[in-house]
Amino acid sequence: MSVLSRDSNGYTVDVVGGTSIGAWIGAWLAAGMSGAAIERTLRDRFTPDVVDAVFRRGATGEPSGTKVLACLARETLPSDGFEGLATPLIVLTADLEGREPVPITTGSLHDALVTSLTVPGLYPPVQRGTQRLVDGVVHTPVRTEAVMGAGADVTVAVNLLGSQTLPAWPGDERSTTSARRPVRDTLVESIELGQIGASARQTAMADAPIFGPGTWRNFELADRYMAAGAEAMEAALPDLHALARPQGNRYGSARGAISG
């Protein structure tokens, strides 16, 4: 669910599930941050240098993307783990050894969020016992089932890996498709391609905004994505109102992978 839309329409989120960068958005939401505060955090913290370190240089940079992410987690989220959050949070990773999704709901929140952005090809897997954990997008891009399993009776999913996109950005009559950039994209795009079907199936369980045109890697298009997200959420509100009214209803939100 668009966090800004949640704030302006009065819905209460009871459980949040997130994969990859979606886990970070979910963590800030679960920590009690407003939509405006989350937007400020993204704009202030994800500077071009940070984006380059995390999503382009990965483990090979100096400082490494892992160090940058760990610093971001410490500076923007409570240190007392999942238990210190105002709303239950499910962070999804994937285990290469067991070939299955691994939800993290306890322990170090900071470590879980870093693990959730362990993008294959950019970072080595995180070893946890016999598990080799990576970004959960490789198995479960959209966390709908997890929040349903946690007791949510109404869910909203956000899918950034959809095969369908808007014909043009809001306010732009032209059909525009952003250019690809050589950012180690071949491997990452290949992973994305393999997850389109899974994203569609998992999103179909809930009401889902569709964004585009573009990919999650087009960081310079943040304003356009914000406008597209707000427009898509507004379009979904009538269906949502038919399922649950804002006052006094339990409401679950699933955050689909921005997949990286």
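Tutor: Helices (H or I, at least four residues) and strands (E, at least two) are DSSP runs, numbered from the N terminus. This is a predicted model, in which local features need pLDDT of at least 70 and side-chain atom pairs count only at pLDDT 80 or more, while totals for chains, interfaces and linings use all residues. Residues are numbered from 1 along each chain as its sequence is written, and side-chain values use heavy atoms, with hydrogens and water left out.

Student: Which residues of α4 are buried, and against what do they pack?

Tutor: Buried means under 20% relative accessible area, exposed over 50%, and partly exposed in between (1.4 Å probe, protein chains only). In α4 the buried residues are Val 50, Val 51, Ala 53, Val 54, Phe 55 and Arg 56, and they pack against α3 and α5, where contact means heavy atoms within 4.5 Å.

Student: Where do the buried residues of α3 fall when the helix is seen down its axis?

Tutor: Helix α3 covers residues 35-45, and its buried residues are Gly 35, Ala 37, Ile 38 and Thr 41. Seen down the axis, these residues fall within an arc of 165 degrees, so they line one face of α3; the arc is that of the directions from the helix axis to the C-beta atoms.

Student: How should I read the packing of α2 and α3, and at what angle do they pack?

Tutor: Two packed helices are described by the angle between their axes and the distance between the axes. Axes are lines fitted to C-alpha atoms, for helices over the stretch in contact, and angles run from 0 to 180 degrees between N-to-C directions. Here α2 (residues 21-30) and α3 pack at about 135 degrees, with their axes 10 Å apart. The two helices are therefore oblique to each other, given that angles under 35 degrees count as roughly parallel, over 145 as roughly antiparallel, 65 to 115 as roughly perpendicular and the rest as oblique.

Student: Which residues make the contact between α2 and α3?

Tutor: On the α2 side they are Ile 25, Trp 28 and Leu 29, and on the α3 side Ile 38, Thr 41 and Leu 42. These residues divide into five nonpolar, one polar and no charged, where Ala, Val, Leu, Ile, Met, Phe, Trp, Tyr, Cys and Pro count as nonpolar, Asp, Glu, Lys and Arg as charged, and the others, Gly among them, as polar.

Student: What should I look for in the backbone of the loops?

Tutor: Most residues other than glycine have a negative phi, and most peptide bonds are trans. Ser 20, in the loop between β1 (15-19) and α2, has a positive phi of about 60 degrees although it is not a glycine. Arg 99, in the loop between β2 and β3 (100-104), also has a positive phi, near 55 degrees. The peptide bond from Glu 62 to Pro 63 is cis, with omega near 0 degrees, and Pro 63 lies in the loop between α4 (48-57) and α5.

Student: Are Ser 20 and Arg 99 buried or exposed?

Tutor: Ser 20 is buried, with a relative accessible area of 1%, whereas Arg 99 counts as exposed at 74% relative accessibility.
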